[in-house]
Amino acid sequence: MPTLPDPQLVARLRAAGCVFAEDEAVVLTEAAQTSADAAGELDRLVARRVAGEPLEQVVGWAEFAGLRILVEPGVFVPRRRTELLAAEAARLARAAARPDHVPVVVDLCCGAGAIGAAVADAAGPIELAAADLDPAAVRAARRNLEPLGARVGEGDLYDALPDDLRGRVDVLAVNAPYVPTDEIAMMPPEARDHEARIALDGGVDGLDVHRRVAASAREWLAPGGHLLIETSRRQAPTTASLATAAGLDARIVRDEEIAGTIVIARV
């Protein structure tokens, strides 16, 4: 039987600015029920949420592409718009599969590993690797991806990948930071104050990491392989031009329903 939200809890969450207070009350109540002291745990969880911590970090997981992705405090919370990137990556991975070839997929700037997990769930057997610079994100990604057989590295972009992947990657999926530095102050407090800055800050125009990703992509992609980068509608033409300048054929894909924008570039 579904959990019914407590009206007082809903009112408290709504007063704190939680738009989906009823849904959040249910999630928090169910999370607290795993504790021996459910009432005390609920008070602690609600206090964290009311203080502005993202719901996903409070309960320890985020829903993404129908999966439960484990997160922890400070880790970038996967957004629904990124489901476009995951879906396109899964489609391209399936297309790369052959009787004698298991597609190689890399989740670069992986955060908690949501994209890699979603691709593995939707694409069938893949060889999966992931990497991130943030130690907390890498810990979360290992919890999510190592049970799937993935290799997860910690380090700066391609430096964190196993060298045996060079020239073998069929799908390189990247959700790198792309918020211009001066615009971080305008982000919702949940992101601005509770997610690692390196997961948000893309430099003056937001595309510093995109430049580095695109410049070295050909070195890692297999013949016919694809690079997919999440970006914004405004930045998409520039992101595409970076891929083109690196010798890739690029196109822009947009999903209006979830406000997702990606660039897909092929060797």
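A nonpolar core is a set of buried Ala, Val, Leu, Ile, Met, Phe, Trp, Tyr and Cys residues joined through side-chain atoms within 4.5 Å, where buried means under 20% relative accessible area, exposed over 50% and partly exposed in between (1.4 Å probe, protein chains only). The model here is predicted, so local features need pLDDT of at least 70 and side-chain atom pairs count only at pLDDT 80 or more, while totals for chains, interfaces and linings use all residues. Residues are numbered from 1 along each chain as its sequence is written, and side-chain values use heavy atoms, with hydrogens and water left out.

Start with the inside. In soluble globular proteins, nonpolar side chains tend to be buried together. In this model, the largest nonpolar core has 40 residues, and Val119 and Leu228 have the most contacts inside it. Two or more residues each come from strand E1 (61-64), helix H5 (83-96), H6, strand E4 (127-132), helix H7 (135-145), strand E6 (169-174) and strand E9 (260-266); helices (H or I, at least four residues) and strands (E, at least two) are DSSP runs, numbered from the N terminus. The top contributor to this core is H5, with seven residues. Apart from that core lies another, made of 25 residues, including Val104, Leu157, Ala160 and Ile229. As for Val119 itself, if residues up to four places away in sequence are not counted, Val119 touches Ala86, Ala89, Ala90, Ala93, Val105, Gly124 and Ile126, contact being heavy atoms within 4.5 Å.

Next comes Gly116, which sits in helix H6 (residues 114-123). Gly116 counts as buried because its relative accessibility is 0%. With neighbours within four places in sequence set aside, Gly116 is in contact with Asp107, Leu128 and Leu145. Ala173 is 57 residues away from Gly116 along the chain, yet their C-alpha atoms are separated by 8.3 Å.

Helix H7 has its own set of buried residues: Ala136, Ala137, Val138, Ala140, Ala141, Asn144 and Leu145. Their cover includes strand E2 (67-70), H6, E4 and strand E5 (151-154). Ala140, one of these H7 residues, has a relative accessible area of 0% and is therefore buried. Between the C-alpha atoms of Ala140 and Asp163, 23 residues apart along the chain, the separation is 23 Å.

Now for the helix pairs. Two packed helices are described by the angle between their axes and the distance between the axes. Axes are lines fitted to C-alpha atoms, for helices over the stretch in contact, and angles run from 0 to 180 degrees between N-to-C directions. For helix H2 (residues 21-32) and helix H3 (residues 38-50), the axes come within 8 Å and cross at roughly 135 degrees. That makes H2 oblique to H3, since angles under 35 degrees count as roughly parallel, over 145 as roughly antiparallel, 65 to 115 as roughly perpendicular and the rest as oblique. The H2 side of this meeting is Glu24, Leu28, Thr29, Ala31 and Ala32, and the H3 side is Ala38, Glu41, Leu42, Leu45, Val46 and Arg49. By class, this contact of H2 with H3 has seven nonpolar, one polar and three charged residues (Ala, Val, Leu, Ile, Met, Phe, Trp, Tyr, Cys and Pro count as nonpolar, Asp, Glu, Lys and Arg as charged, and the others, Gly among them, as polar).

H3 also packs with helix H1 (residues 7-15): their axes come within 9 Å and cross at roughly 25 degrees. H1 and H3 are therefore roughly parallel to each other. Leu9, Arg12 and Leu13 of H1 make the contact with Leu42, Val46, Ala47, Arg49 and Val50 of H3. Six nonpolar, no polar and two charged residues take part in this contact of H1 with H3.

Further along, helix H9 (residues 208-220) and helix H10 (residues 236-245) pack at an angle of about 25 degrees, with axes 8 Å apart. So H9 and H10 are roughly parallel to each other. His210, Arg211 and Ala214 of H9 meet Thr239, Leu242 and Ala243 of H10.

Cys109 is not a glycine, but has a positive phi of about 60 degrees; Cys109 is found in the loop between strand E3 (104-108) and H6. With a relative accessible area of 15%, Cys109 is buried. Ala259, not a glycine either, has a positive phi of about 60 degrees and is found in the loop between strand E8 (249-255) and E9. Ala259 is partly exposed, at a relative accessible area of 40%.
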